Amino acid sequence: MQALILAGGKGTRLRPLTVYTPKPVVPVCNRPFLLYQLDTLRRAGVTDVTLSLSYQPHKIEQQLGDGSDYGVRLSYTVEPQPLGTAGGYKFAEDLIREPTVVFNGDIVTDFDLQSAIREHDARGAVATVVLAPVENPCDYGVVEAVEGGRVTRFAEKPVAHDCGVNTINAGTYILDPKVLDFIPAGEGYSFEYDLFPALLARGEKFYAHVPEGAYWMDIGAPARYLRVHHDILAGRVRGVKLDRRRGDSDIATRAEIDRLSLVADGCTVKPGAQVVNSVLGEGVHVEEKAQIVNSVVWPHTRVGAGAQVSDAVVGRGCHIGRSAKVGAGAVLGDKTSLTDYTQTGGAL
Ligand code: GDD
Ligand code: MG
């Protein structure tokens with residue numbers, strides 16, 4: 001079994017965060033996001049991994065290298081222009097020799113990949129799609145399956161009245177290389193709009209795998225990106241171990257950092273400051289009496305004295321002026337500078 005991670009999208013819904021940082025490597029609890037997916041693959045014994053890139057590929061390669069630091073062997077493909085999800089897989093054809101686990105490069109999950117692989121093999125499936133239940137299925141690919149797992153319907157982002165079920169495509173597939181023959185080379189082609197409907201029309205062995213009680217989230221929009229942090233901090237995602245040491249940071253004895261929060265190396269937290277249920281990236285500077293609550297702050301940002309940041313995401317190298325308020329739903333791009341007393345925020 002080998003793996004391919006689709007990581008070529010532009011991450012538009014996560015802007016401004018993805019202007020300088022491509023979505024696959026946005027920090028999640030201070031680690032480049034794709035490392036969580038590499039952990040999942042490695043734990044299931046899948047170590048031959050291809051990253052299918054298109055947008056800002058060099059920034060991704062630069063961070064992940066040949067994968068040896070993470071116990072996997074990474075190869076890269078870079079499409080000259082985005083070829084769509086199935087087009088990205090087809091573009092990697094030369095590297096694909098065996099059944100392949102395909103991940104959308106923006107999902108966090110703790111499902112048991114090995115059992116999905118076993119089920120795929122036992123059924124002799126050509127393609128298996130992993131399902132997740134969600135509250136708003138029409139925002140995703142809606143999948144219906146019958147008893148025994150055979151997929152009967154795949155509808156990508158159907159109109160609201162046409163959802164039917166609450167089970168969606170979790171963005172994880174197991175594909176037999178045979179499906180490569182159904183994908184045209186060198187042109188845009190989508191798993192969701194093209195390949196899966198074609199497999200159904202041809203009556204191919206297309207199955208759904210339904211994990212039990214698994215965590216699942218797509219980080220591709222700010223509210224969900226923030227929610228994943230809170231879920232990881234609260235221990236709701238199995239298998240994620242956080243490094244909560246605060247050894248290398250300068251934290252005043254009269255600062256308050258709750259036990260959920262994560263503080264990277266090189267941070268400074270001054271007296272009277274509070275950090276609650278939040279993540280501070282490397283080298284973040286929090287001045288006297290500033291409060292950071294339910295938020296994510298990327299590296300090298302300064303939060304001025306008495307400023308309040310709550311339910312917000314603050315990019316890299318920002319400057320939040322003193323007594324400024326950054327409220328619920330605010331997403332500040334890298335290098336944002338807010339003058340003292342600024343008030344900002346909306347509802348997530
Ligand atoms: N290589 C490559 N080339 N990758 C791409 C391309 C491309 O042209 N377009 C998108 N991707 C990657 C993205 O980087 C992302 O990791 C993944 O494919 C899915 O694209 P999204 O843009 O995030 O899709 P979505 O979230 O709207 O919907 C998809 O994911 C849902 C689950 O999160 C679909 O697969 C839905 O069916 C699914 O329910
Ligand atoms: Mg997505």
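A: The domain assignment of the chain gives two domains, domain 1 covering residues 2-233 and domain 2 covering residues 250-344. The model is a predicted one. Between the C-alpha centres of domain 1 and domain 2 there is a distance of 33 Å.

The boundary between the two domains comes first. On one side, 14 residues of domain 1 take part in contacts, and they meet 20 residues of domain 2. The area buried between domain 1 and domain 2 amounts to about 1400 Å², and carbon and sulfur atoms give 72% of this area. Within domain 1, the residues that lose the most area to domain 2 are Leu-17, Asn-30 and Leu-233, which together account for 40% of what that side buries. Helix α6, residues 222-233, gives the most to the side of domain 1 that touches domain 2, contributing six residues. By type, the residues of that side of domain 1 divide into 10 nonpolar and four polar, with no charged residue among them.

Elsewhere in the chain, helix α1 spans residues 34-43, and eight of its 10 residues are buried, so the helix is largely enclosed by the rest of the structure. The buried residues of α1 are Leu-34, Leu-35, Tyr-36, Gln-37, Leu-38, Asp-39, Thr-40 and Leu-41. One of these, Asp-39, is also linked with Arg-31 and Arg-42 in a network of salt bridges. After α1 comes Gly-45, which has a positive phi, near 85°.

Strand β4, residues 48-53, contains Asp-48. Asp-48 counts as buried because its relative accessibility is 14%, which is under the 20% limit. Its side chain makes a polar contact with the side chain of Arg-97, at 2.7 Å. Apart from neighbours within four places in sequence, Asp-48 is in contact with Gln-2, Ala-3, Arg-73 and Arg-97.

Gly-321 lies in the loop between β26 (319-320) and β27 (325-326). With 0% relative accessibility, Gly-321 counts as buried. When residues up to four places away in sequence are not counted, Gly-321 touches Gly-304, Ala-307, Leu-338, Thr-339 and Asp-340. Its C-alpha atom is separated by 43 Å from that of Arg-42, a residue 279 places away along the chain.

The final topic is charge pairing. In general, side chains of opposite charge can pair when their charged atoms come close. A search of the whole structure finds 15 salt bridges. In one of them, the side chains of Lys-90 and Glu-93 meet at 3.2 Å, N to O. Lys-90 is buried, with a relative accessible area of 12%, whereas Glu-93 counts as partly exposed, at 29% relative accessibility. In another, the side chains of Arg-202 and Glu-204 meet at 3.2 Å, N to O. Here Arg-202 is exposed, with a relative accessible area of 52%, and Glu-204 counts as buried, at 13% relative accessibility.

A further salt bridge joins Lys-270 and Glu-287, with the closest N and O atoms 3.3 Å apart. This pair links distant parts of the chain, 17 residues apart: Lys-270 sits in the loop between β17 (268-269) and β18 (274-276), and Glu-287 sits in the loop between β20 (285-286) and β21 (291-293). Lys-270 is partly exposed, with a relative accessible area of 25%, while Glu-287 is buried, with a relative accessible area of 15%.

How values were computed: Residues are numbered from 1 along each chain as its sequence is written. Chains are lettered from A and ligands numbered from 1 in the order in which they are written. This is a predicted model: local features need pLDDT of at least 70, side-chain atom pairs count only at pLDDT 80 or more; totals for chains, interfaces and linings use all residues. Side-chain values use heavy atoms; hydrogens and water are left out. Domain bounds come from an automatic or database domain assignment. Contact means heavy atoms within 4.5 Å. Buried area is the accessible area (1.4 Å probe) that two parts lose on being put together, summed over both. Helices (H or I, at least four residues) and strands (E, at least two) are DSSP runs, numbered from the N terminus. Ala, Val, Leu, Ile, Met, Phe, Trp, Tyr, Cys and Pro count as nonpolar, Asp, Glu, Lys and Arg as charged, and the others, Gly among them, as polar. Buried means under 20% relative accessible area, exposed over 50%, partly exposed in between (1.4 Å probe, protein chains only). A polar contact is a pair of N or O atoms within 3.5 Å; within protein, one must be able to donate a hydrogen and the other to accept it, and residues adjacent in sequence count only if both atoms are side-chain atoms. A salt bridge is a side-chain nitrogen of Lys or Arg within 4 Å of a carboxyl oxygen of Asp or Glu.
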